[in-house]
Structures are given as C-alpha cells and as structure tokens.
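Welcome! Take a moment to look over the sequence and the 3D view, and then we can walk through some of the links between side chains together.

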Amino acid sequence: GRWETRVVGCGAAAVRTALGQSDEAMSLLREIDAQGMLWTCDIGVSWLFDSLRGDPRFADLGRQRRAR
C-alpha cells in the first residue's frame with residue numbers, strides 16, 4: 001500500500017544519503033514529498049539525514065513541508 005511504499009522510499013533515501021549520493025537521495029525525498037508522504041521520513045529529526053541538512057534543497061523540503 002501507500003504507507004509501505006513510502007517507508008521503503010524513506011529507507012532508500014537514507015541509504016543513498018549514507019552512501020554520499022545526495023542527488024539521488026534528494027530525488028527520492030522530492031518524490032515522496034510530491035505524494036504528500038514526506039512526514040513518514042521524519043526528516044526534521046532523523047539523524048539518517050544529518051549530512052543533507054546543509055543542502056539548500058533539503059532546507060527547501062522542510063520549508064515546503066511546514067508551509068502545508
């Protein structure tokens with residue numbers, strides 16, 4: 001279902017982040033966000049995404065999420 005798909009997507013984004021593949025991770029996070037499920041990734045608090053916090057694209061995701 002939709003929930004399971006997003007949990008897998010969040011995990012894939014976390015793996016890409018850990019591998020230093022920030023472009024791929026951001027692409028996955030934007031896709032999850034487009035489906036309205038970014039909240040399932042806990043990007044605001046999860047240490048898994050710490051290395052992306054300095055990326056302006058990541059900051060934009062957080063702003064877009066809070067604006068909704």
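Which residue forms a salt bridge with Asp23? The partner is Arg57, and the closest N and O atoms of the two are 2.9 Å apart. Asp23 belongs to helix 2 and Arg57 to helix 3, so this pair ties together parts that lie 34 residues apart in sequence. Keep in mind that what you see is a predicted model.

The structure holds three salt bridges, listed here:

| Salt bridge | N to O distance |
|---|---|
| Asp23 and Arg57 | 2.9 Å |
| Arg53 and Asp50 | 2.8 Å |
| Arg57 and Asp55 | 2.7 Å |

Arg57 also meets the side chain of Asp55. Through shared partners, salt bridges join Asp23, Asp55 and Arg57 into one network. As for the pair of Arg53 and Asp50, Arg53 is partly exposed with a relative accessible area of 32%, and Asp50 is partly exposed with 43%.

Now for a link of another kind. A disulfide is a covalent bond between the sulfur atoms of two cysteines. The count here is one disulfide, and it joins Cys10 to Cys41 with an S to S distance of 1.9 Å. This pair links distant parts of the chain: Cys10 is in helix 1 (residues 2-18), whereas Cys41, 31 residues away, is in the loop between helix 2 (22-34) and helix 3 (56-67). The link of Cys10 and Cys41 is left-handed, with -80° about the S-S bond. Both Cys10 and Cys41 are buried.

Notes: Residues numbered from 1 in each chain as written. Predicted model: local features only at pLDDT ≥ 70, side-chain atom pairs only at ≥ 80, totals over all residues. Heavy atoms only, no water. Disulfide = S-S within 2.5 Å. Helix = DSSP H or I, 4+ residues; strand = E, 2+ residues; numbered from the N terminus. Buried < 20%, exposed > 50% of the residue type's maximum accessible area, 1.4 Å probe, protein only. Salt bridge = Lys/Arg side-chain N within 4 Å of Asp/Glu carboxyl O.
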